[in-house]
Amino acid sequence: TEARLSMLVDIDGGGSVEQFQDMIYLSAERARGSYQETADAVAKLGLMAGNAFSGNEEIIAFTEQLNKQFVIAGTEASGIQAAMLQLTQAMGSGVLRGEEYNSILEQAPNIVQNIGKYIEGNEEVLNSVAASMGMRAEELAGNVQGNLKDIASEGLLSAEVVKAAMFWSADETNEKFESMPKTFEQVWTSFQNTALMAFQPVLARLNDVANSQLFQGFVTDAVGALTIVAGITLGIFDALG
């Protein structure tokens, strides 16, 4: 994860990997999400859909809104991973539709609802979507939610629309999120986040060891020794008949 994040820091051209990780950690804590999953999502969004965002800070803010939407929807951990994967792929391809749309609708329907509200609340976007659907804006107004699946199938839910919808509904999302009581699972997740950050230097040292020439030489020697032992063992079996 740190290696992928370092690529984003190089692309964005500002700050250090450590500062970037701290920003992600604080975002995960604010949204009661997993640091590891949040960091993975930020890294994938940055590498696969970087053009859809103005920079790393906007990617983190977008991911934070997603995490809060998952809390509001009561999405299970496995569902969060599935929805994050599908949404990352959609943002990378530039459009949300098909299997990706269905997955998000199933795991976090409030995200899809907010996209519908955004289209309905933005006259310019509403007119554009209606024209692409061969409808008058008056026909679509008031029934965007009912037509959202068809809108998605036509490829009209672009990455820009999805991103704009998340930030457009941020105030409402934050208000609903703050009214949600913390669960024991979320408290445990926060503990894991803090522990992971505290052990970061230890993990970095282990990584250095694993990638050192000395350790690689040890592994090579160990493999060679196992090969010799295996040959000796086969020789014993042959001798025993």
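**Reading a predicted helical model**

Guide: In this predicted model, Ile 115 is in contact with Leu 96, Leu 157, Val 161, Val 162 and Ala 165, once its neighbours within four places in sequence are left aside.

Visitor: Where does Ile 115 lie, and is this residue buried or exposed?

Guide: Ile 115 lies in helix H7, which covers residues 109-121. Its relative accessible area is 1%, and because buried means under 20%, Ile 115 counts as buried. The C-alpha atoms of Ile 115 and Lys 163 are separated by 9.0 Å, although the two residues are 48 residues apart along the chain.

Visitor: Which residues touch the most other members of the largest nonpolar core?

Guide: That core has 56 residues, and those touching the most other members are Leu 5, Phe 62, Met 91, Ile 115, Ile 119 and Leu 157. Helix H3, residues 35-49, gives the most to this core, contributing seven residues.

Visitor: How should I read the packing of helix H4 against helix H5?

Guide: In general, two packed helices are described by the angle between their axes together with the distance between those axes. Here, the axes of H4 (residues 56-73) and H5 (residues 77-93) come within 11 Å and cross at roughly 145°, and the crossing in which H4 passes H5 is right-handed.

Visitor: Which residues make that contact, and how do they divide by class?

Guide: From H4 the contact is made by Phe 62, Thr 63, Leu 66, Asn 67 and Phe 70, and from H5 by Ile 80, Ala 83, Met 84, Leu 87 and Met 91. By class, the contact of H4 with H5 has eight nonpolar residues, two polar residues and no charged residues. Phe 62 of H4 and Met 91 of H5 take part in this contact, and both are also among the residues that touch the most other members of the largest nonpolar core.

Visitor: What is to be noted about the phi of Arg 32?

Guide: Phi of Arg 32 is near 60°, which is a positive value in a residue other than glycine. Arg 32 has its place in the loop between helix H2 (17-30) and H3, and, because its relative accessibility of 14% falls under the 20% cut-off, Arg 32 counts as buried.

Visitor: Where in the chain is confidence lowest, and where is it highest?

Guide: As a general rule, where pLDDT is low, the predicted coordinates should not be read in detail. In this chain, the mean pLDDT is 89, and 99% of the residues reach 70 or more. Confidence is lowest in helix H14 (residues 200-210), at a mean of 82, and highest in helix H12 (residues 170-178), at 95.

Note on methods: Residues are numbered from 1 along each chain as its sequence is written. This is a predicted model: local features need pLDDT of at least 70, side-chain atom pairs count only at pLDDT 80 or more; totals for chains, interfaces and linings use all residues. Side-chain values use heavy atoms; hydrogens and water are left out. A nonpolar core is a set of buried Ala, Val, Leu, Ile, Met, Phe, Trp, Tyr and Cys residues joined through side-chain atoms within 4.5 Å. Buried means under 20% relative accessible area, exposed over 50%, partly exposed in between (1.4 Å probe, protein chains only). Helices (H or I, at least four residues) and strands (E, at least two) are DSSP runs, numbered from the N terminus. Contact means heavy atoms within 4.5 Å. pLDDT is the predictor's confidence in each residue, from 0 to 100. Axes are lines fitted to C-alpha atoms, for helices over the stretch in contact, and angles run from 0 to 180 degrees between N-to-C directions. A crossing is left-handed if the near helix is turned anticlockwise from the far one by less than a right angle, and right-handed if clockwise. Ala, Val, Leu, Ile, Met, Phe, Trp, Tyr, Cys and Pro count as nonpolar, Asp, Glu, Lys and Arg as charged, and the others, Gly among them, as polar.
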